[in-house]
Amino acid sequence: MRLLAKIAASIVLLLAGAFCVHLFSFGTANATAADTDMDYQRQFNERYRIFSLSPPDDLSFCGEPVPMHKLDVRERLDRELLVNTYWQSNTLLAHKRAHRWFPVIEPILAREGVPDDLKYIALIESGLTNVVSPVGATGYWQFMKETAIAYGLRVDEEVDERYNVVRSTEAACAYLKSAKAKFGSWAMAAASYNLGPGGLDKQVGRQNSKDYFSLLLPEETARYGFRILAMKAIITDPERYGFHMREKDLYPVYRTRSVSVTGPIENLNDFAARQGTDYRTLKLLNPWLRDIKLASVKGGVYTVLLPGDDFDKPVEDE
């Protein structure tokens with residue numbers, strides 16, 4: 001009996017010891033996991049930083065002063081600066097595309113007597129891509145069909161000049177100059193570009209004011225001018241907002257040659273081959289050609305862009 005009792009006691013002691021070891025191991029494992037999570041959180045807090053921004057104290061739009069002394073104006077600009085600064089992928093693409101297309105747009109604005117700042121309208125309207133909005137606004141300048149035709153652009157199944165950067169920029173200049181003459185400032189002309197002259201005229205009449213920064217406008221139009229200002233601030237001073245890019249990171253201006261077309265082209269694919277290129281590249285450079293043919297030039301002359309000899313040459317090789 002004593003032997004059995006000793007054996008039983010030994011078994012109890014072994015079980016108790018094993019249980020203690022288990023408890024100790026479990027506690028240690030949990031403590032290690034907790035320490036790892038805390039360490040991870042600590043590293044996250046030390047390494048990850050999101051900063052508030054400091055809007056510029058002095059800002060102008062097309063030479064017109066922006067009333068930055070107003071609390072409401074500063075906060076509206078702050079919103080758009082934050083949105084565009086921390087939507088990094090979108091703003092990086094804006095930088096890259098602006099490097100390609102602003103050199104095309106800027107001389108047209110200068111020639112037409114329109115302030116350079118208005119190029120940012122195309123940037124915020126389309127991201128400098130030939131997008132089509134849900135309501136049918138098309139191209140870099142997002143013209144509706146009726147407005148485009150009213151300002152001299154050809155829009156049909158074969159040719160849609162809303163996709164032509166040069167022609168649509170010329171039309172946008174005409175629109176903006178007309179709006180400036182009607183509403184008295186370039187800020188109001190930009191608001192008209194978004195809301196339409198009729199819609200803006202209604203608000204001017206109701207509120208007896210032509211000051212964009214004082215008008216109570218629909219949200220999209222109220223934000224519109226500040227989206228332009230924010231993109232101008234970030235594009236002109238990217239490092240202030242945390243964007244660092246090398247020249248070779250930016251999209252280069254297309255190196256092209258041009259040919260004048262005065263007569264019909266039965267097949268654009270064959271035309272591209274005769275010009276030493278392919279249909280895809282032809283349409284990349286001339287997205288305003290909307291069909292496989294150009295049966296009618298309607299008595300005009302069309303400038304067709306074709307790849308130059310160094311079209312595919314990398315920037316860093318220059």
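The entries below go from the whole chain to single residues and pairs.

**Ground rules**

I am working with a predicted model, where local features need pLDDT of at least 70, side-chain atom pairs count only at pLDDT 80 or more, and totals for chains, interfaces and linings use all residues. Residues are numbered from 1 along each chain as its sequence is written, and side-chain values use heavy atoms, with hydrogens and water left out.

**Whole chain**

I looked up the secondary structure and found eleven helices and four strands. These are DSSP runs numbered from the N terminus, helices being H or I with at least four residues and strands E with at least two.

Next came burial: 40% of the 318 residues count as buried. Buried means under 20% relative accessible area, exposed over 50%, and partly exposed in between, with a 1.4 Å probe and protein chains only.

The chain exposes about 18,100 Å², and carbon and sulfur atoms supply 55% of that area. The areas come from the Shrake-Rupley method with a 1.4 Å probe, and for residues only the protein chains shown count as cover.

I also checked contacts (heavy atoms within 4.5 Å). Taking those between residues at least 6 apart in sequence, 62% join residues at least 24 apart.

**Nonpolar patch**

Which residues form a nonpolar patch on the surface? I listed Tyr40, Phe44, Tyr48, Ile50, Phe51, Leu82 and Tyr86, with about 760 Å² of accessible area together. Helices H1 (2–47) and H2 are the elements that give two or more residues to this patch. Patches take residues with over 30% relative accessible area and no salt bridge, joining like charges within 9 Å and nonpolar side chains (Val, Leu, Ile, Met, Phe, Trp, Tyr) within 5 Å.

I stopped at Tyr48, which sits in the loop between H1 and strand S1 (60–61). Tyr48 is partly exposed, at 48% relative accessible area.

Asn84 belongs to helix H2 (residues 71–86) and is buried, at 10% relative accessible area. Its side chain reaches the backbone oxygen of Glu80 at 2.8 Å. Beyond neighbours within four places in sequence, Asn84 is in contact with Thr91, Ala230, Met231, Ile234 and Phe243.

A salt bridge here is a side-chain nitrogen of Lys or Arg within 4 Å of a carboxyl oxygen of Asp or Glu. Arg76 and Asp72 are four residues apart in helix H2, so about one helical turn separates them. Arg76 is buried at 17%, while Asp72 is partly exposed at 44% relative accessibility.

A polar contact of 2.6 Å joins its side chain to that of Glu106. Such a contact is a pair of N or O atoms within 3.5 Å; within protein, one must be able to donate a hydrogen and the other to accept it, and residues adjacent in sequence count only if both atoms are side-chain atoms. Not counting residues up to four places away in sequence, Lys119 touches Phe102, Ile105, Glu106, Leu109 and Trp141.

**Aromatic pairs**

I found 13 aromatic pairs. Rings of Phe, Tyr and Trp (its six-membered ring) pair if their centres lie within 6.5 Å; planes under 30 degrees apart are stacked, over 60 edge-to-face, and the rest tilted.

Trp101 and Tyr140 are edge-to-face, at 5.4 Å centre to centre and 85 degrees between the planes. Trp101 lies in helix H3 (residues 88–111) and Tyr140 in the loop between helix H4 (119–126) and helix H5 (145–150), so the pair ties together parts 39 residues apart in sequence. Both Trp101 and Tyr140 are buried.

Trp288 and Tyr302 are stacked, at 5.5 Å and 25 degrees. Trp288 is buried at 3%, and Tyr302 is buried at 9%.

**Salt bridges**

I counted 21 salt bridges in the structure. Asp156 pairs with Lys298, the closest N and O atoms being 3.2 Å apart. This pair links distant parts of the chain, 142 residues apart.
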